[in-house]
Structures are given as structure tokens and as C-alpha cells.
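My notes follow in the order I looked things up.

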Amino acid sequence: MARLGAWLIAPPDEALADAARDGELLVARVRTWLTLFLLLIPLLSLAFEPGSAQHYVGLFVALSALTIAVLIERALQRRAFRTSMAFYSSVADVSLVSLGLFAFWLVDRPIVTTNSRVMWEVYLIAIAASALRYDPRVTLTTGLVAGLQHTGLTVFTWATHRGDGLLQASEEYGYFSWSTQGSRLIVIGAMTVVALAMVGRTQRLRKMSTNDRLTGLFNRLYADEFLANQVQRTARTRGDLIVALLDVDRFKQFNDTHGHAAGDAALRSLSRVLRDRLRRSDMVARYGGEEILIVLPGADVNSALDALDQVRVAVGLTDIALPKGGEARIQVSIGVAAWGIDARTPEGLLEIADARLYEAKEAGRNRVVGPGTAGALSLFEQA
């Protein structure tokens, strides 16, 4: 139970969190278009049977769903994405289906509530769409809520109408059957299992496409996408954003002296220090060879320079076990650029950070150069 609880409340992987945000926006757009198309069903039905009360119910439900879909999409476009939004929107999708089915109970059409052949299938669409959130917890929650709400509606409808003839056979919807309702519940469970398998598969593919195999850090493709998104977000919120380029000093000489296997060990050691010393919200990527890109959202210049210099010190004090025996150490230089102070585009920030990295190399290496430091020694001299 403790492991289950830890799994339920654990924050998502950074790469998957970004994917979840993009997936939620995709689901929001699809939801809007889907509800717009579903609106055509009661409109067409009313055109052929204008006196049918159930078609007016369907029209009301479809209009309500479309309104909610538009509001959710607008909210996602205007606000920063949070993991909880995926849970809320998925449960909302399922609950809209349940409310639509319950609406038929309100107009004395309970057989439609239990035997609907159009609206009920939207449960399955909602469960399938939950897989686009890249979070198995969201999918599991969606499937459980759908199953519980379906069961609750079925039991409630049967309990309130079992003796008045409204659940008897009809030409359009058949008759009430517990075996049929049980089969529907099984289908919901099966769809949930399929969606969970889809989530697992897409998570593995996402990690393979975004992570560097040697270091476990993000790769350049993901880093460029992340930086572009952060620049857009910072421009919108007028917040802080720091971009840094880190390079291992005299790495070629290290490889020539100790061998390429030792160079790989050094990069893995460097990646561990970076993950340990930086915040979970910071993005660290292997940008090319021994060059590392670091993006610090929401960090101001002073705190970023302090944190990066502490990284520099920690790297220099870390012993690296060499494959052929013995230990060695490496040192790093870091160039830093700040959004709004140095540049306002991803390309501009990278250009400034790269220029300051070169400046750090020219000034003697093993130092951090950023806004206001210009060639000065780093904040903390290495012991």
C-alpha cells in the first residue's frame, strides 16, 4: 500500500510532464471538435422528429458539453499546465457522459439511460483519450470513474423504474438486462487496460526519443523544444529565465590521457552531479559532445549564478572511478544568459551563453561567467 501511495502522488517525469501538457492541449482541441460533431446528432434527429422530448434532451446535453469543452480549452491556453488538470478534465469528460445519460432518466426515458447506443460509447472515447496524458494514473482514474458512474446509474435506474414498465422492451433500445449491463462494465474495464498499455508504450517511446543514452540527460532535440516553450511562457508571464551552457575543460586531453571509456565515465559522473545539485524543474540536456545545456525557469540572475557555481565546485570535487583503475577529476566552465537582460529569443540566449562560455575559457577556465560577471573569477574558488 505504501508503494501504491507513493506511485499515486509521485510527480511526473520532466519529459513526460511536457508531453502531458501537449497531450492535454490536443485532447482539449479534439474535445471541442468532437462535441461540435456530436451536436449534429440531436439537430438531425429533431429535423426528422421535432416532437421527441429525448432529442431536446440530447440537444441540451450536447450544447452543455460544447460549452464546457470550449471553456476548458481556453483555460489551458491561458494558464500554466498542472498535472491535476489532467485528472479534472478526464473525470469531467466521463461525468458529462453520465450526466447526459441521467438526463434521459429525468424525462422518463430510463431505457435510454441504460441502453443508449450512442452516448454510452463516449465513455470509451474518454478512456482512450486519457492515454494522451502520458500518465497511467489519469487513465486508471478515468476508467474507475467511468465504471463506478455506469454502475451507479444502472442500479439507480433499475431501482426507480423496475416496476413501472419503462424498462421493458422497446423497438429502438431493446430491453433492460443485467447481463448486458455487466458486459458494458467489462468493456469499460477492457478499454482501460488497453489505454494503460498505450500509456506504457508511449512513455517508453517518449523517453527513448528525448533522452541521451550515455548520460541519461535529455537530448538536444528535447532541449530545443523545451527552451522554445519556456521562452514563450516567460514572455507571456514576464517571469525569469536563465540559460547556461556548460563545457568540460580540456576534455580531449582527459580522453587522450585516460581513454574514451574514462571520458564516458566522466560524463556520467557529471550528469549525476547536475541532477543532484539542480532543481527538479530545471532542464539539463547533453547538447553535443561534452557540452551541456541547462535551462532554469523562474530563476533570477543572482540565484542562478550561485547555484551554477556550486555545481562547478561540486563537479571539481567529485572523484571519477576510471575503468582501468584509479580516480580522476574534471573541471567545467559555464556561460550564462538571462532572458530580458541579454536576449528574448532561444537563439539569442544560446548565442550569448555560448559567447560567455568562450569568455570563461579564455579567462582561465573553471569559472562561471554571466550577466555582471564579465571575466571575473567565479563566486567560490575551488578548494
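**Entry 1: a term I need.** Before going on I wrote down what "buried" means: a residue with under 20% relative accessible area. Over 50% is exposed, and anything in between is partly exposed. I need that cut-off for strand S1 (residues 241-248), where eight of the eight residues are buried, so the strand is largely enclosed by the rest of the structure.

Entry 2: The mean pLDDT of the protein chain is 86, and 91% of its residues reach 70 or more. Where pLDDT is low, the predicted coordinates should not be read in detail. I left that stretch alone.

**Entry 3: the whole chain.** I counted 14 helices and seven strands in the protein chain. Is the chain a compact globule or more spread out? Its radius of gyration is 28 Å, well over the 21 Å that the globule rule gives for 383 residues, so the chain is more spread out than a compact globule. The C-alpha trace spans about 90 × 45 × 30 Å along its principal axes. Of the 383 residues, 48% count as buried. I looked up the contacts too: among those between residues at least 6 apart in sequence, 72% join residues at least 24 apart. The chain exposes about 19300 Å², and carbon and sulfur atoms supply 60% of that.

**Entry 4: the sheet.** Which strands make up the open sheet, and in what order? I read it as five strands, S2-S3-S1-S6-S7, with mixed pairing. The edges are strand S2 (283-288) and strand S7 (368-369), each of which pairs on one side only.

I then walked across it, pair by pair:

- S2 and S3 are antiparallel over five bridges, and Gly-288 stands opposite Glu-291 in S3.
- S2 and S3 also form a hairpin with two residues between them, and Gly-289 in the turn has a positive phi of about 60°.
- S1 pairs with strand S3 (residues 291-297) in the antiparallel sense over seven bridges; the bridge partner of Val-243 in S3 is Val-295.
- S1 and S6 run antiparallel, joined by seven bridges, and Leu-245 has Gly-335 as its bridge partner in S6.
- Strand S6 (residues 332-338) and S7 run parallel, with two bridges; here Gly-335 has Val-369 as its partner in S7.

Entry 5: I checked which way they point here. Leu-241, Val-243, Leu-245 and Asp-247 point one way, Ile-242, Ala-244, Leu-246 and Val-248 point the other way, and all are buried.

Entry 6: Most residues other than glycine have a negative phi. I found Arg-250 with a positive phi of about 50°, although it is not a glycine. Arg-250 lies in the loop between S1 and helix H11 (251-258). Its relative accessibility is 48%, so it counts as partly exposed. Arg-365 also has a positive phi, near 70°. I placed Arg-365 in the loop between helix H14 (346-362) and S7. It is partly exposed too, because its relative accessible area is 27%.

**Entry 7: Thr-35.** I found Thr-35 in helix H2 (residues 14-38). Is it buried or exposed? Its relative accessible area is 9%, so Thr-35 is buried. A polar atom of its side chain lies 2.9 Å from the backbone oxygen of Arg-31, and a polar side-chain atom of Thr-35 also lies 2.9 Å from the backbone oxygen of Thr-32. Leaving out residues up to four places away in sequence, Thr-35 touches Ala-65, Leu-66 and Ala-69.

**Entry 8: Glu-327.** My last stop was Glu-327 in strand S5 (residues 327-328). Its relative accessibility is 55%, so Glu-327 counts as exposed. Not counting residues up to four places away in sequence, Glu-327 touches Asp-319, Ile-320, Ala-321 and Leu-322. I also looked up its distance to His-258: they are 69 residues apart in sequence and 9.9 Å apart in space, C-alpha to C-alpha.

Key
Residues numbered from 1 in each chain as written. Predicted model: local features only at pLDDT ≥ 70, side-chain atom pairs only at ≥ 80, totals over all residues. Heavy atoms only, no water. Helix = DSSP H or I, 4+ residues; strand = E, 2+ residues; numbered from the N terminus. Buried < 20%, exposed > 50% of the residue type's maximum accessible area, 1.4 Å probe, protein only. Polar contact = N/O pair within 3.5 Å; in protein donor to acceptor, adjacent residues only side chain to side chain. Contact = heavy atoms within 4.5 Å. pLDDT = per-residue confidence, 0-100. Rg over C-alpha atoms; globule rule 2.2 N^0.38 Å. Areas by Shrake-Rupley, 256 points an atom, 1.4 Å probe, with all protein chains shown as cover. Pairing = 2+ DSSP bridges.
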